[in-house]
Each structure stands twice: as C-alpha cells, then as structure tokens.
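Visitor: I would like a close look at a single part of this model, with the cut-offs stated. Please keep the answer in one piece.

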Amino acid sequence: MKNPATTGAVSGAARDESTRDRVARSILTNGPSSAAVLAERLELTPAAVRRHLDHLLDEGLVEAREERVYGPRGRGRPAKVFVLTDAGRHAFHQAYDDLAATALRFIAEAGGDDAITEFARRRVADVEERYRELLAQAPEDQKAEVLAQALTADGYAASTAEAGQGAQLCQHHCPVAHVAEQFPQLCEAETEVFSRLLGQHVQRLATIAHGDGVCTTHIPGATPATPVIDGESARTTR
C-alpha cells in the first residue's frame, strides 16, 4: 500500500516541476520578463513565481538582469528581468533539435536541397508578415532599430550598432542554432527576409550556428540612434 504522505509529496513535486517549466518556457517564448509580468501572464501569484524563479536561478537555468529603460526613467531602481541562460536554453532545445534535425534530414533525402530551402523560406514567412507593417511605418533611418526591437520581442535579444558606413544588426540568441549548424538554409532564408523588410541588400557576417558568439548582419547606410539589446519593448502581434 502506498504511503499517502509520500504520494502527496511526489504529486506536489510534479506540480512544482510543471509550473516551473511553464515559467521557464514563458521566458523562452516571450524574451526577458519580470516576475510581475510572468505572474500576470501565467495567472500565478507573484510569490509563486518568485519561488520558481529562485529555484531556476539556483539551477543556473535563468539569470537576472536590470530591465533596460528607453526614454525618461522614473524614480527608483529599474525592475529586474529574467532571461534563460545557455544551460536553460539547451535544456529546452535539445529534444526539439534532435527531432527537427531528423525531420529535415528526411526532407533532404526525399526532396534534396531545394526542398530544405523551400521549408526554410516558409518557416520565416510568418515572421516577415508580422514585421512588414512595423517596418513599413518606420522612418527610413529607424528601420534597423525597429527590426531589432521586433526581434528582441520575439526572444532573439537583438541590438544594433554603428559600423563604418552602415550598421550591424546583432542577434545574441538563436533558438534554432543547433539545427542551423546542419542546415544553413535556415540562416539564409532569415537573411533574405531582413533584406526585403529593409528594402536593401544586407550581408550576414557571422552566425551562432557556425560557432560565432552572435549572429551579425551588416546593413549598408543604416545609422541607428539608440541600440536595443533586450527587454519587452515593441512587442509584435502574435
């Protein structure tokens, strides 16, 4: 006969694990998030969210940063936001990466490289559709910044920086890096989308998939005014 106390403890631990997974997955999907935002998004109490965040911090799966504030800053210290660490992202992506890589290898065997290219382009078509209106409404000299903000809102932790006669768009996180290492068509399709959205040729200089620390894209002639690195600004419609 099972011990009721033991059974209850196991059940409680399972619930904690499930909720903790929801907290981490929300950060993965929505990008850097404060405890208050997580509580509202997941319909949990702030105390419950902080307890799960403390556990994730202890395990090294998330880290806390000061929220970046754009425009006038109010009184007091900026709120803390939580982001997944490399270990946290790896814990989520490993199983999905294996499945995705297996599926893409099957597509390659059945349809060749052209089939992979078509898949990669369809994958980013939704992103292009969501970003198109944002970029169309942006002044020409702010398009790179708006694109960085949109990418950041989607969890890519993007920033822009001046670089010679143009700008560099940097993505500090890539959710498909391990798969793109085997199938560079994913990176190529994304670069094509950037070019169409910005209305000019852009050049991919580095990718996380190829072992670089950051995915870097050169945008000729762009002059960003205020870099955007992370946060929840300019959140796009999903």
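Visitor: As what does Cys 170 count, buried or exposed, and at what relative accessibility?

Guide: Cys 170 counts as buried, at 12% relative accessibility. Here buried means under 20% relative accessible area, exposed means over 50%, and partly exposed lies in between, with a 1.4 Å probe and protein chains only. The model is predicted, so local features need pLDDT of at least 70 and side-chain atom pairs count only at pLDDT 80 or more, while totals for chains, interfaces and linings use all residues. Residues are numbered from 1 along each chain as its sequence is written, and side-chain values use heavy atoms, with hydrogens and water left out.

The sulfur of Cys 170 has its closest cysteine sulfur in Cys 215, 9.4 Å away, which is too far for a bond. Cys 174 also has Cys 215 as the closest cysteine sulfur, at 5.0 Å, again too far for a bond. Cys 174 is buried at 17% relative accessibility. Over the whole structure, the search finds zero disulfides, a disulfide being a pair of cysteine sulfur atoms within 2.5 Å.

The strand to examine here is β4, residues 166-171. Strands (E, at least two residues) and helices (H or I, at least four) are DSSP runs, numbered from the N terminus. Five of the six residues of β4 are buried. Gln 171, which is part of β4, has a relative accessible area of 1% and is therefore buried. Beyond four places in sequence, the residues in contact with Gln 171 include Leu 151, Tyr 156, Phe 194, Arg 204, Ile 208 and Cys 215, where contact means heavy atoms within 4.5 Å.

β4 pairs with two strands. With β3 (residues 158-163) the sense is antiparallel, over six bridges; two strands pair if DSSP finds at least two bridges between them. Ala 161 has Gln 168 of β4 as its bridge partner. β3 and β4 form a hairpin with two residues between them, and Gly 164 in the turn has a positive phi of about 60°. With β6 (residues 215-220), β4 is again antiparallel, over six bridges, and the partner of Ala 167 in β6 is Ile 219. In a regular strand the side chains alternate between the two faces of the sheet.

Leu 151, one of the contacts of Gln 171, is among the buried residues of α5. Ten of the eleven residues of helix α5 (residues 143-153) are buried, so α5 is largely enclosed by the rest of the structure. α5 is followed by Gly 155, with a positive phi near 95°.

Leu 151 is also one of the residues with the most contacts inside the largest nonpolar core, which has 29 residues; Tyr 131, Leu 135, Leu 147 and Leu 169 are the others named. A nonpolar core is a set of buried Ala, Val, Leu, Ile, Met, Phe, Trp, Tyr and Cys residues joined through side-chain atoms within 4.5 Å. The elements giving two or more residues to this core are α4 (86-137), α5, α6 (177-180) and α7 (185-198). The largest share, seven residues, comes from α7. Leaving aside neighbours within four places in sequence, Leu 135 is in contact with Lys 143, Val 146, Leu 147, Leu 197 and Leu 198.
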